[in-house]
Amino acid sequence: MKQVLTAVVMLVGLIRPALAAAQGADTVLINGKVLTVDREFSTREAIAIRDGRIVAVGTTADVRKLAGAQTRIIDLQGKTVIPGLIDSHLHAIRAALSFSTEVNWIGVRSLTEAVARIRDAARTMKPGAWLIVAGGWNVQQFKENRRPTQAELVAAAPNNPVYVQLGYGWAMLTPAAMKALNITTEADLPQGGRFEKDAGGKPTGAVTGAQGAIIALFDRLPRPTFDQQIQGTKLFFRELNRLALTGVVDPGGNNLSPDDYQALFKVWRDGQMTMRVAYSLCGQTPGMEFEELKSLTALLPIGFGDDMLRFNGLGERITAAMNNNDRPSESDKAQYYQIAKWAADRGMALTMHWGRDASVDQLLTIFERVNQEVPISSLRWSIAHLNDASVKSLERMKALGVGWTVQDAMYFGGDQLVQQSGPEAARRVPPVVTGGKIGVAIGAGTDAHRVASYNPFTALQWFLDGKTVAGNAIRGPEETPSRADALRLYTRGSAWFSRDEQKRGSLEVGKLADLAVLSRDYMTVPVDQIGGLESVLTMVAGKIVYAAAPYKE
Ligand SMILES: [Zn+2]
């Protein structure tokens, strides 16, 4: 019996290549510059795809042989192809919900243009509709280098309530917006919020204060309808496809309830996903997190789902008490340990938001304690952010098998970091070259869309030139990756965090055919133009999900 089996296995092995040639590929892409991002970072000319997977990578002549009568042949005319990019820390599910109803300031270079977008939206949206800018912009991106005034917003949209949020610390509301939310005095604001006042003590129209106050204020805004959420989800994924993204690892976030996942689930059920989403779940109610997480995951084992939508564990917030807390109490840590140990027992991944290296020992000590009881090295735990990670912390992470998701936070925040910590400290932020040498698994991303732009090319350019949005180069060459390494971080590097590095993240035989044809060559275009790249053709599992000229037909 065993011999027969062996013979069958051998026969299948022999027949397979022959069948491949006989059946032909569904699609071949030829005459290109294919950056495979395989181990050697090889460049090839052509790719063949069948049934959503890559069946050959090689010369145009070789790959052409796999084309049959039914094969779609795409002539790349020398264009560069990359594996579909993967953002390892993008709040995509939340961003998508409101994408069809929000005004977007991402990448806008002047305040004049930003305000013009409000004016345009006031014309195209229903009279009286809310105009909401939920974040993703920064003062330094505007050549005017300042925030909008209330008067400017009123002039742009006199008949609509307007709400413009900056990060998690400031939000400008027009009088119509204040009225709609029944805010007349500071007592009407969420706890911890207050009116911003100008030099003369007059309210500017903006609300400032604690992060929790701004989150609670945002929660008072009307929510998009379910249909708008579905529409927003599809549109947002297309927008990401336009920027060569084919996958995200979603870390949950503030203002997210189970209801907020239903639009995504509907798009997935309808077979209309154009992005692969691996999502983790956060605790939301302070003190109740363990009960919440147990209940949310009782019938949700790690890895549940399919290649388009998969449950990916806990995080990025496990407990409110340990969130952005440099000095957690013993009981905060005990509560955190309890959840982390429980997650490890169930083989769950866990990703944790942490800001500063000075306090990350608090977290790593808990991870090490859990690891002594239940080894976590195979569970794909990770720390997000930690922009000033020290060698010591990176070594502890490596020893635990804990990965590191790195975002372009310093693109917006770098100038402030230089002011606070000095240019020497800023030179090594974030130390991705050191992290790579130590052998920590590193993924790239943005943390969009409240605190950053989701554009991966903005992040890739920033990895390479270290320049903030204001144009100041703050990172030193010793922590600047090569173009190849930066692309690795954004592809196979990010794939690690959802256990997908064997399935995607590079263009190799057997892997999923997720790829993007770029408008210009990432490897040779001047560095300061990388931020302007986009895709002209994006495929997920060999299906075209985005096409621009010359492929739009
Ligand atoms: Zn975070």
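1. Contact, as the word is used in this note, means heavy atoms within 4.5 Å. Helices (H or I, at least four residues) and strands (E, at least two) are DSSP runs, numbered from the N terminus. This is a predicted model, in which local features need pLDDT of at least 70 and side-chain atom pairs count only at pLDDT 80 or more, whereas totals for chains, interfaces and linings use all residues. Residues are numbered from 1 along each chain as its sequence is written, and side-chain values use heavy atoms, with hydrogens and water left out.

2. On the pairing of α11 with α12: K333, Y336, Y337, A340, K341 and A344 of α11 meet Q362, L363, I366, F367, R369, V370 and E373 of α12. The residues of this contact divide into eight nonpolar, one polar and four charged, where Ala, Val, Leu, Ile, Met, Phe, Trp, Tyr, Cys and Pro count as nonpolar, Asp, Glu, Lys and Arg as charged, and the others, Gly among them, as polar.

3. Two packed helices are described by the angle between their axes and the distance between the axes. Helix α11 (residues 330-345) packs against helix α12 (residues 361-373) at an angle of about 40°, and their axes are 10 Å apart; axes here are lines fitted to C-alpha atoms, for helices over the stretch in contact, with angles running from 0 to 180 degrees between N-to-C directions. The two helices are therefore oblique to each other, given that angles under 35 degrees count as roughly parallel, over 145 as roughly antiparallel, 65 to 115 as roughly perpendicular and the rest as oblique. The crossing of α11 and α12 is right-handed, that is, the near helix is turned clockwise from the far one by less than a right angle.

4. Helix α11 also packs with helix α10 (residues 289-297), their axes coming within 10 Å and crossing at roughly 15°, so that α10 and α11 are roughly parallel to each other. This crossing, too, is right-handed. The residues that make the contact are E289, F290, L293, K294 and T297 of α10 together with Q335, Q338, I339 and W342 of α11, and by class they comprise four nonpolar, three polar and two charged residues.

5. Which residues coordinate the zinc ion? The ligands are E316 (OE), H353 (ND1) and H385 (NE2), at 1.8 to 2.2 Å, and along the chain these donors follow the spacing E-x36-H-x31-H. Distant parts of the chain are linked by E316, in the loop between β16 (309-314) and α11, and H385, in strand β18 (residues 382-385), which are 69 residues apart. Both E316 and H385 are buried (under 20% relative accessible area, with exposed over 50% and partly exposed in between; 1.4 Å probe, protein chains only). Donors are N, O and S atoms within 2.8 Å of the metal (3.2 Å for Na, K and Ca), and water is not among the atoms, so sites may look incomplete.

6. Most residues other than glycine have a negative phi, and most peptide bonds are trans. The peptide bond from V429 to P430 is cis, with omega near -10°, and P430 lies in the loop between α15 (423-426) and α16 (432-438). A448 and H449 are also joined by a cis peptide bond, with omega about 5°, and H449 lies in the loop between β20 (442-445) and α17 (456-465).

7. N31, which is not a glycine, has a positive phi of about 60°; N31 sits in the loop between β1 (25-30) and β2 (33-35) and, at 32% relative accessibility, counts as partly exposed. N145 likewise has a positive phi, near 55°, in the loop between β9 (131-133) and α5 (150-156), and at 48% relative accessibility N145 counts as partly exposed.
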